[in-house]
Number of protein chains: 2
Amino acid sequence: VTVAQVGEFGLINRLATRLESTRPKNLRVGIGDDAAAWLPTPGTLTVATTDALVEGVHFDLATTSWCDLGWKALAENVSDIAAMGCQPRYALIALGAHQDQPVADLESLYDGLAECAEAYGCAVVGGDVVYAPCVVIQVTLVGESQPTHDQGSDPALLRRSAARPGDTLAVTGPLGASAAGLRLLAASAPRLTSRRSQVEDALVAAHCRPQPRVTAGLALVDAGVRCAIDVSDGLVADVGHLCELSGVDAEIEVDRVPIHPAAATRFAEEAREMALSGGEDYELICAAPEEVLERASEMLRMRGEPPLLRIGSVVAQAGPEPSVRVRDAAGLLVPIGRAGYQHFDRSVPSSVRGLP
Amino acid sequence: VTVAQVGEFGLINRLATRLESTRPKNLRVGIGDDAAAWLPTPGTLTVATTDALVEGVHFDLATTSWCDLGWKALAENVSDIAAMGCQPRYALIALGAHQDQPVADLESLYDGLAECAEAYGCAVVGGDVVYAPCVVIQVTLVGESQPTHDQGSDPALLRRSAARPGDTLAVTGPLGASAAGLRLLAASAPRLTSRRSQVEDALVAAHCRPQPRVTAGLALVDAGVRCAIDVSDGLVADVGHLCELSGVDAEIEVDRVPIHPAAATRFAEEAREMALSGGEDYELICAAPEEVLERASEMLRMRGEPPLLRIGSVVAQAGPEPSVRVRDAAGLLVPIGRAGYQHFDRSVPSSVRGLP
């Protein structure tokens, strides 16, 4: 059965049934009306983010299942909300697809969306489905901050702009697994999974089913951290964004950058570059004074999360532009091959996101 | 200068400057962080809607300027918020474009977005820009209901599902101008505007710069109306959506359907079909008991809005499915050529939305 055979409203009804399990208590209007409606939690800030994934640019249906694609499209946005120190709540999905697309594929996509929504305590409450010459999935995710304890002031958030010289830089977990997984996917025959080792399976899963750090983000805010960003473009690039918005420089000690053990096992020396520049790990990078990070690590431990891993420090801006320097144990600058992922800066426009 | 030449972050900076005029007082985080953040107005419901526009499907760059496209992409979503009886507030834009797209085109697009945002009291607070093989503009718009007067109950909204047998059906203004404007655009040489009459200019403007009815939607809620939908797919189709969600039938008196005078002047007999099935007029259709509609017309008059125009009535569902019947002055059924616009049900996938 294709999309053209069921029509717009038939498709919406079929997709809506995949999402029924996630209806939250504050929701007043769900799918089917002109807009979704909900009651905001008193004392919270509302946060909202949007991301678009385009077939042939951000994903390749030869190596990505529809269900994984649904998970990942929502997970990217969940990570943005986590990086604000907030709880994801309400998602809207705009889907562009071919007329001759099998409906079962789109149902799998929505199964993946629903699985991710359930895992992170949010719900898909609305959207739009349209014809498009390639598959486009666009997710908007609305979240809420922790409620404020003090009526006179706003609730706290994690901002890119709040890094200060003297802060320590830390990450919430090891890096490079997603880039390693993408390398394996790109090298393998389409969907040929039978010959993969356990290590390889773990790397592919890290790429296809990323686990954003919502609990960690909430713990960081509670501990008094005020500066964070998620690792989406790559560690060095994302630290760079943080520096730009904060007007500071950063020094990363390359030997302290935590390399995901499966990536190190499978790719040896190459794994370091994956950890520095690979992107899509969706760990959080944060910057705060050392005593705040100690409190944050304790808070994370109490909530069953791994401790923070220090990777460097924030220093005053030395040149005309904020910059990131990566140094080895001897203090020498390490040249970094890529500044991370940027849209539009690609020599092969239809290639899949990742390492060259 | 093309998109590829300025890169992702250069483009974001250029587009963000087009939006600076719209920063609202409740906004805490705008463009540049992982997510936008704002303080919801106490006592309100949050509403959210999303719509995607795809090049070659929903618009044709040969007949639509970039600036009009920006206006229209946001206006469609403003209309959905108006149809909930709410005030539009915060928009997020996901834009897909070619690498070789001139940046000036996208700046014009954002000028149109900013003009519409200013006209309706909302702001563009975030988004995403990505490479895509065709231009895709996806707008998510968040709005707020009127605050509740009664702490124990939710604020009132306009719903599709609230029509009851005995209600009168009414619209907030005349119909058919947008479809007439699209007809003129499709027939004319690209951007050849010099030979158009004043009447034709008005029709093209109705199509390219639709004026959603936010003030009217707020007045309807205040007057006690609880059921509405906007005219996006076409009058008969949209009354049909209202019937489906409410579990009722509707009777439309064809002689009472208000035809836009410019459409009637230019297209004579054809204008009636445009008013019934053309779509994209973005007037509101509402259903309520007669005494509520009288109060609503008075409320609209006090706010400088035109009065409601009655077009028919809501009756009990007669058959197995909710249905819409259009009758002439003698009470005979009028056959309707199209059931309104549906995505995916099109014989020519790349044609532009509108009348066949």
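Where is the place of A:E200? A:E200 lies in helix α5 of chain A, residues 198-208; helices (H or I, at least four residues) and strands (E, at least two) are DSSP runs, numbered from the N terminus. This is a predicted model, in which local features need pLDDT of at least 70 and side-chain atom pairs count only at pLDDT 80 or more, while totals for chains, interfaces and linings use all residues. Residues are numbered from 1 along each chain as its sequence is written, chains are lettered from A and ligands numbered from 1 in the order in which they are written, and side-chain values use heavy atoms, leaving out hydrogens and water.

A:E200 counts as buried because its relative accessibility is 13%; buried means under 20% relative accessible area, exposed over 50%, and partly exposed in between (1.4 Å probe, protein chains only). Not counting residues up to four places away in sequence, A:E200 touches A:L184, A:R195 and A:R266, where contact means heavy atoms within 4.5 Å. With the side chain of A:R266, the side chain of A:E200 makes a polar contact of 2.7 Å. A polar contact is a pair of N or O atoms within 3.5 Å; within protein, one must be able to donate a hydrogen and the other to accept it, and residues adjacent in sequence count only if both atoms are side-chain atoms.

Next come the nonpolar cores. A nonpolar core is a set of buried Ala, Val, Leu, Ile, Met, Phe, Trp, Tyr and Cys residues joined through side-chain atoms within 4.5 Å. The largest has 66 residues, and those with the most contacts inside it are B:L74, B:Y110, B:I137 and B:V225. Helix α2 of chain B (residues 66-82) gives the largest share of this core, 9 residues. Leaving aside neighbours within four places in sequence, B:V225 is in contact with residues including B:L157, B:L220, B:C286 and B:V292. Another core, of 46 residues, lies apart from that one, and among its members are A:L45, A:W66, A:V78 and A:V139.

How are the two chains related? A rotation of 180° with 0.0 Å of shift along its axis superposes chain A on chain B, with an RMSD of 0.0 Å. That is the relation of a two-fold axis; the copies are superposed by least squares on the C-alpha atoms of residues with pLDDT of at least 70 in both. The copies meet through the same surface, because 100% of the interface residues of chain A are also interface residues in chain B.
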